[in-house]
Amino acid sequence: MASTAAPHTQRYYVPAPSAWPFVLTVGLVATIIGVGAYLEGAHIGPLPIWIGVALSIYIIFRWFRGIARESEGGLYSAQVDRTYRWGMSWFIFSEVMFFGAFFGALFYARSLSLPWLGGEGSKLATHLTLWPGFEAVWPSNGPANLGGEFETIPAFGVPLLNTIILLTSGFTITMAHHALKENKRLACILWMWATVALGVSFLFLQAEEYIHAYTELNLTLHSGIYGSTFFMLTGFHGMHVTLGTIMLIVITLRLMAGHFKPDAHFGFEGVAWYWHFVDVVWIGLFIVVYWL
Amino acid sequence: MAHHDTHADHAHDDHHGPEKGIMRWIKTTNHKDLGTLYLFFAFTMFFIGGLMSLVIRAELFVPGLQFVQPEFFNQMTTMHALVMIFGGVMPAFVGLANWMVPMMIGCSDLALPRVNNWGFWILPFAFGLLLSTLFMDGGAPAGGWTMYPPLVLQTGEAFPFLIFAVHLMGISSITGAINVVVTILNMRAPGMTLLKMPLFVWTWLITAYLLIAVMPVLAGAVTMLLTDKYFGTSFFTASGGGDPVLFQHIFWFFGHPEVYIMILPAFGIVSTIIPTFARKALFGYDSMVYATASIAFLSFIVWAHHMFTVGMPLAGELFFMFATMLIAVPTGVKVFNWVATMWKGSMTFETPMLFALGFVFLFTIGGFSGLMLAITPVDFQYHDTYFVVAHFHYVLVPGAVFSIIAAVYYWIPKWTGRMYNEFWGKVHFWLSAIFINLTFFPQHFAGLAGMQRRVPDYAVQFTDWNVISSIGAFGFFAAQFIFIINILACCYGWFGRKQGLPARVWEGAHGLEWTVPSPAPYHTFEDPPQVTEAELTAVHDKTDALDGHKLA
């Protein structure tokens, strides 16, 4: 009737039972308990955090090594490949929405809440009652001048350099991809290391810039809404670049170990997609956080 | 009959059965095992959340403070909502998706089985963490499940654990949703084109899309709460240039699609059950799909109707009012389609059908009170009253929860191979339907008369309605034990219930899940079936299914 079996091709790979996800959860939760207790000043020490982080990293390593082995072992059909493509696309979409929350906060503060505090529109009473002297100009740390006077980082200095670095890394990873598709392994690996070097340079400059902001500009997380949005947006972006750089290194090491084929290398492409994603987020940051 | 079970005897390279003992459940990558885990977890949470609601209703039985301190009362309202939404309704729907989506589209498992395991096992830990806050200094979170600052920032030691628990639930939902989307987009059997999928699959596809879009936004919102409390940021502090109302905007940008996350799969279930017991194809299949997609789209542009009283500009109030009222159009399409499906059908009223019909009636009541709340000027009066409580409980309990119960009765014979007891199923339905209306209908009146929500005491003139409401709540809770016993009896074969049901348990049921044996074997559709027109046509025939199509 309804279900006569289709001609037998390769079956969809369903992995054997696995303890990885459970143990990963244990690691995450141990970390969370440690961090939560630390934030609330409970004296349980940093041990849960270290154990949790170590366990999580170990399992993530095991899990991805397992996937690499399954892939190299030929267990993945074209359909599994499509699963990873869809999965990665939707994961990146979820990341976009995560950043969207912080971009939204920035836009709201700049175009609504600050002008309202300055007496614009229907919020005149708030302005007159609470902070009659406050004038809304961006950048701002709010009517109470939270965190004290601060300076911002000019867009056309290090941030522009960082923009050029990330755009260049987008170029180098594309060159690496082309080399891989043409089976020029050495060229691919060299382009990949160039990409990694650019990623590390970006992170180095960002770290320098943070130190500069904290020590010389008095621009900190405490600097009102400007400091909040600035550090949360660039900070989460920096964390994503860090993760992306680790992913690039892993993929490059796999290339050096002989993994991937010219026509089958989604592990590589997934990382490239992710790298382009952090690149695009940076462009957004450069325009709305640093420049405008 | 199903051809694939002749394959079941073959030993295959990638064929693995369950592990022994507890490790089966910890390590499983099987969608049926994980579906079962999700469902049992959800029912545990329904029970815990239900107990919390009984604390609330006991305290509100008469005016004055009887049983609990106001602080604890607030913890109960907050935790009741978090447990029911993130621990009960959402995991129950994910459990149903786990079980049914692969069997409905003809694939061997979800696309990412290990990720599926991860998504489940995060939940017991997340809720262990959340419930443990009840025993911490300062108690559990008590600022409402919406976590509005600045109130929520006054939470005691529980605060970081609340935030991290929400993060964990987000990870679970996003991984689960990616899995469902990828499965539906990539794993359909040959012949199962998008517009031939069962509606439960369609509604879950759109639900999963909503989850991926908004759970990260919630994660961002609560992260800002965390940094505001511990790291000196001022997202939600006016003196720093932020705005507490900003949190409400971000939260409800998540929160309103979340409402549809909890009801779209219910629409799918009802659209599956009603055709079966009306013995007619679903009326207006395509319009159902488009209505679901429209609701999903609109859900992104209506969020501020939760915030009419915060002092938005007039243009905002008007926009969100009209956009909200637009949702009545696709929702109306659905209700009329269900009614048209039953029109001239050969209807019978088995328990799943009763719950589905209860859904159509009672969800529609919740929909109408939603329309009333959408009208900005009247919302100024209704806001934060028991009218709101009545409204969202009507869409969530006789809405979402009734659909989950209906789904369990409908598919339990497929899952366990044993039929539930029809008499006790009907008793369960009638008791539930009567008590749930006793619980929530009077709250409309109390709310319109001005009784505020989230307050442990009230003025004496609301006493009568509250007495009725509390009696209803205890009755509803008690009635659910009939359900639990009926279902566990199917699972464990109590009362001498024997297996041996046909593959197509319900004579009017259609779809691939009814072509596999009952109970469904551990692995189904390892080789994708060739989906024939006959089986699909019957799912949603444009003509009358009874003409010319012989039911199997």
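Let's start with helix 9 of chain B, which runs over residues 285-298. It has 14 residues and reaches 20 Å from its first C-alpha to its last, close to the 20 Å expected at 1.5 Å a residue. Please keep in mind that this is a predicted model.

Which residues of helix 9 of chain B are buried? They are Y285(B), M288(B), A291(B), T292(B), I295(B), A296(B) and L298(B). Here is a handy thing to remember when you read a list like that: an α-helix has 3.6 residues a turn, so residues three or four places apart point the same way. And what covers the buried residues of this helix? The cover includes helix 6, helix 7, helix 8 (264-278), helix 10 (314-326) and helix 11 (328-342) of chain B.

Let's stay with helix 6 of chain B for a moment, and pick out one residue in it, A213(B). Is A213(B) buried or exposed? We call a residue buried when 20 or more other C-beta atoms lie within 10 Å of its own. A213(B) counts as buried because it has 24 C-beta neighbours inside 10 Å. Leaving aside its neighbours within four places in sequence, A213(B) is in contact with P257(B) and also with M97(A), over in the other chain.

How many residues take part? Chain B gives 74 residues and chain A gives 63 residues. On the side of chain B, the elements giving two or more residues are helix 1 (22-27), helix 4 (113-132), helix 5 (158-186), helix 6 (199-230), helix 7 (244-261), strand 1 (529-531) and helix 17 (533-539). Our friend helix 6 of chain B makes the largest share of that side, with 10 residues. Sorted by type, the residues on the chain B side are 41 nonpolar, 23 polar and 10 charged.

Now let's zoom out over chain B. The UniProt record, an unreviewed entry, annotates residues 19-532 of chain B as "domain: Cytochrome oxidase subunit I profile". Over that range the chain is 67% helix and 1% strand, and the end C-alpha atoms are 35 Å apart.

Next, some loops of chain B. The loop between helix 4 and helix 5 holds M147(B) and P150(B). M147(B) has a positive phi of about 60°, although it is not a glycine. This residue is buried, as 24 other C-beta atoms lie within 10 Å. As for P150(B), a cis peptide bond joins it to P149(B), with omega about 0°.

Another loop lies between helix 16 (463-492) and strand 1 of chain B, and A520(B) is found there. F525(B) lies in the loop between helix 16 and strand 1 too. F525(B) has a positive phi of about 50° without being a glycine, and it is buried, with 26 other C-beta atoms within 10 Å. A520(B) is buried because 22 other C-beta atoms lie within 10 Å. What does A520(B) touch, not counting residues up to four places away in sequence? The answer is K32(B), M103(B), K414(B) and W415(B). By contrast, the C-alpha atoms of A520(B) and G232(B) are separated by 55 Å, and these two are 288 residues apart along the chain.

Let's cross over to chain A. Helix 3 of chain A covers residues 78-117, so to speak of its length: 40 residues, reaching 57 Å from first C-alpha to last, close to the 58 Å expected at 1.5 Å a residue. Where is the kink in this helix? It is centred on A109(A) and is about 45°. After helix 3 of chain A comes G119(A), with a positive phi near 100°.

Chain A has a cis peptide bond as well, from W138(A) to P139(A), with omega near 0°. P139(A) sits in the loop between helix 4 (124-130) and helix 5 (158-181) of chain A.

Finally, a word on confidence. Chain A averages a pLDDT of 94, and 97% of the residues score at least 70.

How values were computed:
Residues are numbered from 1 along each chain as its sequence is written. Chains are lettered from A and ligands numbered from 1 in the order in which they are written. This is a predicted model: local features need pLDDT of at least 70, side-chain atom pairs count only at pLDDT 80 or more; totals for chains, interfaces and linings use all residues. UniProt positions are given in the numbering used here, feature names are shortened, and annotations may be inferred rather than shown by experiment. Helices (H or I, at least four residues) and strands (E, at least two) are DSSP runs, numbered from the N terminus. pLDDT is the predictor's confidence in each residue, from 0 to 100. Two residues are in contact if their C-beta atoms, placed from the backbone, lie within 7 Å. Ala, Val, Leu, Ile, Met, Phe, Trp, Tyr, Cys and Pro count as nonpolar, Asp, Glu, Lys and Arg as charged, and the others, Gly among them, as polar. The expected span of a helix is 1.5 Å times one less than its number of residues. The bend at a residue is the angle between axes fitted to the seven residues ending there and the seven starting there. A residue is buried if 20 or more other C-beta atoms lie within 10 Å of its own, exposed if 12 or fewer, and partly exposed in between; C-beta atoms are placed from the backbone.
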